[in-house]
Amino acid sequence: MVGVLPMRDALLRAYGVGLDLLEISPNAEPPVCKILDYGKFKYEQQKKRNEARKKQKVIEIKEVKVRPNIDENDYQVKMRAMKSFIGEGDKVKVTLRFRGREMAHQDLGVKVLERIRTEMDEQAKVEQMPRLENRQMVMVLSPR
């Protein structure tokens, strides 16, 4: 802490010790400056940015496709996949596709999605309730 100095004196002090004069907050009255090694300062800032980027988790949306008349074993395989996706912190989009005459029995599809929702209730919450889009029903689950 040196106090208020004229610009010329501050520059002479900085170059006298072989460092740079860096303006920290230009909008303050008077402006605040620091005497430091600018290259080292930039390097430290870059390290902080990289460290922050490393800690970020990108949430992906994984899709699981099921059918209205899915067999029990196939259903269990899909459930294991969904649980692992949720465990990794990703969202899961459950797509139930209707073919041909299955469109007349949409209640079967609703039952399958309802069963998935009740079994995944502990690990995941429903982000988007099941809704019909053309010939498929879509539901999105996200981790709790």
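These notebook entries record what I looked up in one predicted protein model.

**Entry 1: Ground rules**

I number residues from 1 along each chain as its sequence is written, and I use heavy atoms for side-chain values, leaving out hydrogens and water. Since the model is predicted, local features need pLDDT of at least 70 and side-chain atom pairs count only at pLDDT 80 or more, while totals for chains, interfaces and linings use all residues.

**Entry 2: Domains and annotation**

I looked up how the protein chain is divided, and I found domain 1 (7–55) and domain 2 (61–143). These bounds come from an automatic or database domain assignment. The C-alpha centres of the two domains lie 54 Å apart.

I then turned to the UniProt record, an unreviewed entry, which annotates residues 59–143 as "domain: Translation initiation factor 3 C-terminal". I noted that UniProt positions are given in the numbering used here, that feature names are shortened, and that annotations may be inferred rather than shown by experiment. In the model, the span 59–143 is 35% helix and 36% strand, and its end C-alpha atoms lie 10 Å apart. Helices (H or I, at least four residues) and strands (E, at least two) are DSSP runs, numbered from the N terminus.

I followed strand E1 (residues 20–25) and strand E2 (residues 32–36), which pair in the antiparallel sense over five bridges. Two strands are taken to pair if DSSP finds at least two bridges between them. Asp20 stands opposite Leu36 in E2, and a hairpin of six residues joins E1 to E2.

Pro30 lies in the loop between these strands. I recorded a cis peptide bond between Glu29 and Pro30, with omega at about -5 degrees. For comparison, most peptide bonds are trans.

**Entry 3: Salt bridges**

How many salt bridges does a search of the whole structure find? I found eight, where a salt bridge is a side-chain nitrogen of Lys or Arg within 4 Å of a carboxyl oxygen of Asp or Glu. In general, side chains of opposite charge can pair when their charged atoms come close.

I examined helix H4 (residues 106–119) and the pair Glu114 and Arg117. Their side chains meet in a salt bridge of 2.9 Å, N to O. Glu114 and Arg117 are three residues apart in H4, so about one helical turn separates them. Glu114 is partly exposed at 32% relative accessible area, and Arg117 is partly exposed at 25%. The cut-offs are under 20% relative accessible area for buried, over 50% for exposed, and partly exposed in between (1.4 Å probe, protein chains only).

I also found a salt bridge of 3.3 Å, N to O, between the side chains of Glu119 and Arg115. Because Glu119 and Arg115 are four residues apart in helix H4, about one helical turn lies between them. Glu119 is partly exposed at 30%, as is Arg115 at 32%.

My last pair was Glu133 and Arg131, whose closest N and O atoms are 2.4 Å apart in a salt bridge. Glu133 is partly exposed at 27%, and Arg131 is partly exposed at 40%.

**Entry 4: Asn134 and Gln136**

I placed Asn134 in the loop between strand E5 (124–133) and E6. Asn134 is exposed, with 72% relative accessibility. Its phi is positive, about 55 degrees, although Asn134 is not a glycine. Most residues other than glycine have a negative phi.

Gln136 is found in strand E6 (residues 136–143) and counts as buried at 19% relative accessibility. Its side chain joins that of Arg97 in a polar contact of 2.9 Å. A polar contact is a pair of N or O atoms within 3.5 Å; within protein, one must be able to donate a hydrogen and the other to accept it, and residues adjacent in sequence count only if both atoms are side-chain atoms. Leaving out residues up to four places away in sequence, Gln136 touches Thr95, Leu96, Arg97, Phe98 and Arg131, contact meaning heavy atoms within 4.5 Å.

**Entry 5: Asp90**

Is Asp90 buried or exposed? I found Asp90 buried, with a relative accessible area of 3%. Asp90 sits in the loop between helix H3 (72–87) and strand E4 (91–97). A polar atom of the Asp90 side chain lies 3.4 Å from the backbone nitrogen of Glu60. Among the residues that Asp90 touches, not counting those up to four places away in sequence, I listed Lys57, Glu60, Phe85 and Pro143.
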